[in-house]
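This briefing covers a two-chain model, taken topic by topic. Please keep the sequence and coordinates open beside it.

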Amino acid sequence: MTDRSLVVVTAGLSQPSSTRLLGDRLLAATERALREAGEEPRTEVVEVREHAQDLVNHFLTGVPSRRLQTTIDAVVAADGLIAVTPIFSASYSGLFKVFFDVIEHEALAGLPVLIGATGGTARHSLALEHAMRPLFTYLGGSVMRTAVYAASEDWGAPDVPADAGLVARIDRAAAELAAAMAAGTRAAPADPFENPIPFEDLLRSQRPE
Amino acid sequence: MQFGIFSVSDITTDPTTGRTPAEHERIEAVVAIARKAEEVGLDVFALGEHHNPPFFSSSPTTTLAYIAAKTERIILSTATTLITTNDPVKIAEDYAMLQHLADGRVDLMLGRGNTGPVYPWFGQDIRNGIPLAVENYALLHRLWREDVVDWQGTFRTPLTGFTAVPRPLDGIPPFVWHGSIRSPEVAEQAAYYGDGFFHNNIFWPGFHVRRMVGLYRRRYEHYGHGPADTAIVGLGGQVFMRPNSQDAVREFRPYFDHAPVYGGGPSLEEYADTTPLTVGSPQQVIERTLGFREFAGDYQRQLFLVDHAGLPLKTVLEQLEMLGEIVPVLRREFDAVRPAHVPSDPPTHASQKASRDAGTPATPEGPPPTLLEAAP
């Protein structure tokens with residue numbers, strides 16, 4: 001049994017938030033799938049709202065607070081990420097984007113990512129494909145094929161067949177994430193402060209051919 | 001231990017009056033500030049280098065040479081000298097010249113510069129920042145130590161049979177600091193050469209500074225320059241003092257709230273809580289500054305930023321008077337806790353000359369001998 005760290009980043013605003021609800025469902029389904037595969041999930045939920053002030057301050061001053069840095073470190077070191085946001089004005093929320101803007105480029109390289117979003121109507125569901133997926137592809141994440149969009153109506157849709165509803169999509173996406181995490185190919189990023197590139201190597205790379 | 005100030009040479013509107021000093025006025029003010037720094041007993045005046053408004057200091061050696069002529073004792077340094085976009089040959093020449101004119105009262109701090117367009121303006125690319133710093137310094141290091149240099153690299157035209165003149169004063173190159181806020185490669189570079197490492201921690205919380213300085217110290221020892229706790233460390237700091245701390249906060253707040261680097265972000269109180277910014281009474285500044293060694297270890301140089309954010313010259317000079325009063329206290333307190341084997345000061349021209357003449361180099365200098373052959 002391998003210890004797998006699974007982090008949810010959720011950018012819902014209200015309390016309770018349907019975005020958080022979706023994040024919790026994706027988390028529970030992924031935990032279940034991991035356990036079935038003989039893995040031991042270690043989970044953490046990041047409410048971006050709780051870091052809103054620190055994120056703006058980081059943006060303006062270039063410096064993370066200790067609390068924000070600890071959270072970023074947890075995301076960067078995760079074995080799997082579930083990222084969920086409300087869709088505002090045809091894309092992820094600004095607050096959600098700020099969180100991923102302050103993460104170093106390449107820091108999420110190879111990280112399995114499950115993307116999810118919520119909105120008032122299903123007409124915004126493709127924001128997952130035209131906004132969320134390219135964002136995490138740019139950041140180097142390995143984005144799961146199934147992305148989960150939950151419109152308000154999805155939380156109570158009695159006439160949808162069980163294999164096509166929200167729960168089925170959650171289970172399918174969670175199974176993909178759990179499988180990618182269990183494959184365990186991601187190496188935790190090297191800490192450049194613990195393991196610096198030796199200066200001889202920096203010098204050598206300078207030499208003309 | 002050395003105490004001093006550094007100026008980034010910004011020309012900023014005073015938010016309390018709406019007045020913006022003219023370039024000429026600000027340039028004269030910086031000279032007055034440097035002279036005042038010496039008068040109140042500070043050890044170092046360091047000047048930034050920028051090639052874009054709202055800064056004026058594109059030509060630091062000109063300014064520093066003038067200040068050298070107007071002062072007797074203060075060490076002149078930079079904050080920082082751009083090792084990326086300057087030709088290392090010109091740095092070798094300019095700073096050796098300055099060293100002669102200032103009778104050795106010169107060291108310099110190298111930095112990469114983080115303004116994207118400056119790189120193409122000087123024919124470079126910011127994405128090569130680290131490789132430029134590595135190659136250019138490797139050349140600069142040789143130009144000051146070898147009379148005739150044959151050299152070939154990636155970023156500048158090759159040199160064959162080149163001698164940088166004037167040669168460093170007494171054959172002793174200016175001491176070099178490598179400044180970086182967040183690049184472990186620069187801490188590694190400083191450690192490799194046994195040079196100083198400066199962390200301008202004015203924007204950074206202690207836990208981060210501890211990681212950077214810790215890396216430098218560990219690698220300094222690894223490269224054979226001496227125990228980690230004897231590595232040469234400098235720190236930034238940012239203070240505003242009034243005898244009564246409430247007066248200091250009241251007077252400084254509008255400058256903080258409108259400063260280009262943090263305006264609109266955290267409150268003064270939040271910022272002072274997580275960074276070295278200290279706005280208060282002289283006693284508060286003393287206590288806060290003494291606390292820096294808790295995350296950086298015993299260090300050798302403390303530079304404060306005092307002339308920024310549109311503060312008028314009169315206020316800056318008052319701040320310097322107060323710094324002059326607290327520095328003897330800081331020096332005494334730091335001296336009292338520093339272990340005997342840790343150097344109190346960074347190498348100076350005078351100390352390096354004295355130890356060379358005595359045949360005992362105080363600080364092992366240059367790359368480790370076993371590695372010299374591997375270096376280009």
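Helices are DSSP runs of H or I with at least four residues, strands are runs of E with at least two, and both are numbered from the N terminus. The model is predicted. On that count, chain A holds seven helices and seven strands.

**Chain A overall**

- The order of elements in chain A, starting at the N terminus, is β-α-β-α-α-β-β-α-β-α-β-β-α-α.
- The C-alpha trace of chain A spans about 70 × 40 × 35 Å along its principal axes.
- Buried residues make up 41% of the 209 in chain A.
- Take the contacts in chain A between residues at least 6 apart in sequence: 78% of them join residues at least 24 apart.

**Where chain B touches chain A**

- The interface pairs 29 residues of chain B with 19 residues of chain A.
- On the chain B side, α5 (129–143), α6 (184–193) and α7 (206–222) each supply at least two residues.
- Which helix gives the most to this side of chain B? It is α6(B), with five residues.
- By class, the side of chain B that touches chain A has 17 nonpolar, seven polar and five charged residues.

**Helix pair α5(B) and α6(B)**

- The axes of α5(B) and α6(B) lie 11 Å apart, at an angle of about 15°.
- Angles under 35 degrees count as roughly parallel, and α5(B) is therefore roughly parallel to α6(B).
- The crossing of α5(B) past α6(B) is right-handed.
- From α5(B), the contact uses B:I130, B:A133, B:V134, B:Y137 and B:H141. From α6(B), the contact uses B:E185, B:V186, B:Q189 and B:Y193.
- These contact residues of α5(B) and α6(B) comprise six nonpolar, two polar and one charged.

**Helix pair α1(A) and α6(A)**

- Helix α1 (residues 18–36) and helix α6 (residues 166–183) of chain A have axes that come within 8 Å. They cross at roughly 50°.
- Are α1(A) and α6(A) parallel or oblique to each other? They are oblique.
- α1(A) and α6(A) make a right-handed crossing.
- The α1(A) side consists of A:R25, A:L26, A:A29, A:T30, A:A33 and A:L34.
- On the α6(A) side, the residues they meet include A:I170, A:D171, A:L177 and A:M181, with several alanines, among them A:A173, A:A174 and A:A178.
- The contact of α1(A) with α6(A) divides into 12 nonpolar residues, one polar and two charged.

**Helix pair α1(B) and α12(B)**

- The axes of α1(B) and helix α12 (residues 313–337) of chain B come within 10 Å and cross at roughly 15°.
- α1(B) and α12(B) are therefore roughly parallel to each other.
- α1(B) passes α12(B) with a right-handed crossing.
- B:A29, B:A32, B:I33, B:K36 and B:A37 of α1(B) meet B:L313, B:V316, B:L317 and B:L320 of α12(B).
- In this contact of α1(B) with α12(B), eight residues are nonpolar, none is polar and one is charged.

**Cis peptide bonds in chain B**

- B:P53 and B:P54 are joined by a cis peptide bond, with omega about 10°. B:P54 sits in the loop between β2 (44–47) and α2 (60–70) of chain B.
- B:A79 and B:T80 are also linked by a cis peptide bond, with omega near 5°. The loop between β3 (75–78) and β4 (81–82) of chain B holds B:T80.

**Positive phi outside glycine**

- A:E106 is not a glycine, yet its phi is positive, near 80°. A:E106 falls in the loop between α4 (94–101) and β5 (112–119) of chain A.
- Is A:E106 buried or exposed? A:E106 has 11, so A:E106 is exposed.
- B:S9 is not a glycine either, and its phi is about 70°. B:S9 belongs to the loop between β1 (2–7) and α1 (23–39) of chain B.
- For burial the cut-off is 20 or more such atoms. B:S9 has 22 C-beta neighbours inside 10 Å and therefore counts as buried.

Conventions:
Residues numbered from 1 in each chain as written. Chains lettered and ligands numbered in written order. Predicted model: local features only at pLDDT ≥ 70, side-chain atom pairs only at ≥ 80, totals over all residues. Buried ≥ 20, exposed ≤ 12 C-beta atoms within 10 Å, placed from the backbone. Contact = placed C-beta atoms within 7 Å. Nonpolar A, V, L, I, M, F, W, Y, C, P; charged D, E, K, R; others polar. Axes fitted to C-alpha atoms, helices over the stretch in contact; angles between N-to-C directions. Parallel < 35°, antiparallel > 145°, perpendicular 65-115°, else oblique. Left-handed = near helix turned anticlockwise from the far one by under 90°.
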